[in-house]
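Trainee: I'm new to this one. Could you walk me through it, one step at a time?

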Amino acid sequence: TAHVGSGFLTNDHTEFMTADAGITASYRLNRQLSVFTEAVYTVRVRKDIGNGANGYLGVRYMFD
């Protein structure tokens, strides 16, 4: 998986850019509900470059 994002309009002028890449595993429980986990390496740019590993675990509910 890969994500790129930014916070370019902030109240306290702390604009930043972030990008991450890693692996994702998901399991669909039924038509609308799935669980997922991600392990990613993240790079964040705000005045200097920071980096590190992040992990996510969650549930997605699809509606339409």
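Mentor: Strands here are DSSP runs of E with at least two residues, numbered from the N terminus. Please keep in mind that this is a predicted model.

Trainee: Thanks! Which strand gives the most to the nonpolar patch?
Mentor: The patch covers about 450 Å² of surface and is made by Met 17, Tyr 41, Val 43, Val 45 and Ile 49. Val 43, for one, is found in strand β3. With three residues, the strand that gives the most to the patch is β3.

Trainee: Is Val 43 buried, partly exposed or exposed?
Mentor: Buried means under 20% relative accessible area and exposed means over 50%, with partly exposed in between. Val 43 has 31% relative accessibility, so Val 43 counts as partly exposed.

Trainee: How many bridges pair β2 with β3?
Mentor: Strand β2 spans residues 16-28, and β3 spans residues 33-46. A hairpin of four residues joins the two. One example of the pairing is Thr 18, whose bridge partner in β3 is Arg 44. The strands β2 and β3 are antiparallel, and their bridges number twelve.

Trainee: And on the β4 side, which residue is the bridge partner of Ser 34?
Mentor: Ser 34 lies in strand β3, which runs antiparallel to β4 (residues 48-61) and is joined to that strand by 14 bridges. In β4, the bridge partner of Ser 34 is Arg 60.

Trainee: Which residue takes a positive phi in the hairpin of β3 and β4?
Mentor: This hairpin has one residue between the strands. The phi there is near 70 degrees, and the residue that takes this value is Lys 47.

Trainee: Now the serines. Is Ser 34 buried or exposed?
Mentor: Leaving aside neighbours within four places in sequence, Ser 34 is in contact with Tyr 27, Arg 28, Leu 29, Gly 58, Val 59 and Arg 60. Its relative accessibility is 10%, and the cut-off for buried is under 20%. Ser 34 therefore counts as buried.

Trainee: What about Ser 26: buried or exposed?
Mentor: Ser 26 lies in strand β2 and, with neighbours within four places set aside, is in contact with Val 35 and Phe 36. Its relative accessibility is 58%, so Ser 26 counts as exposed.

Trainee: What distance separates the C-alpha atoms of Ser 26 and Gly 58?
Mentor: Along the chain, these two residues are 32 residues apart.

Technical notes: Residues are numbered from 1 along each chain as its sequence is written. This is a predicted model: local features need pLDDT of at least 70, side-chain atom pairs count only at pLDDT 80 or more; totals for chains, interfaces and linings use all residues. Side-chain values use heavy atoms; hydrogens and water are left out. Buried means under 20% relative accessible area, exposed over 50%, partly exposed in between (1.4 Å probe, protein chains only). Contact means heavy atoms within 4.5 Å. Two strands pair if DSSP finds at least two bridges between them. Patches are made of residues with over 30% relative accessible area and no salt bridge: like charges are joined within 9 Å, nonpolar side chains (Val, Leu, Ile, Met, Phe, Trp, Tyr) within 5 Å. Accessible areas come from the Shrake-Rupley method with a 1.4 Å probe; for residues, only the protein chains shown count as cover. A salt bridge is a side-chain nitrogen of Lys or Arg within 4 Å of a carboxyl oxygen of Asp or Glu.
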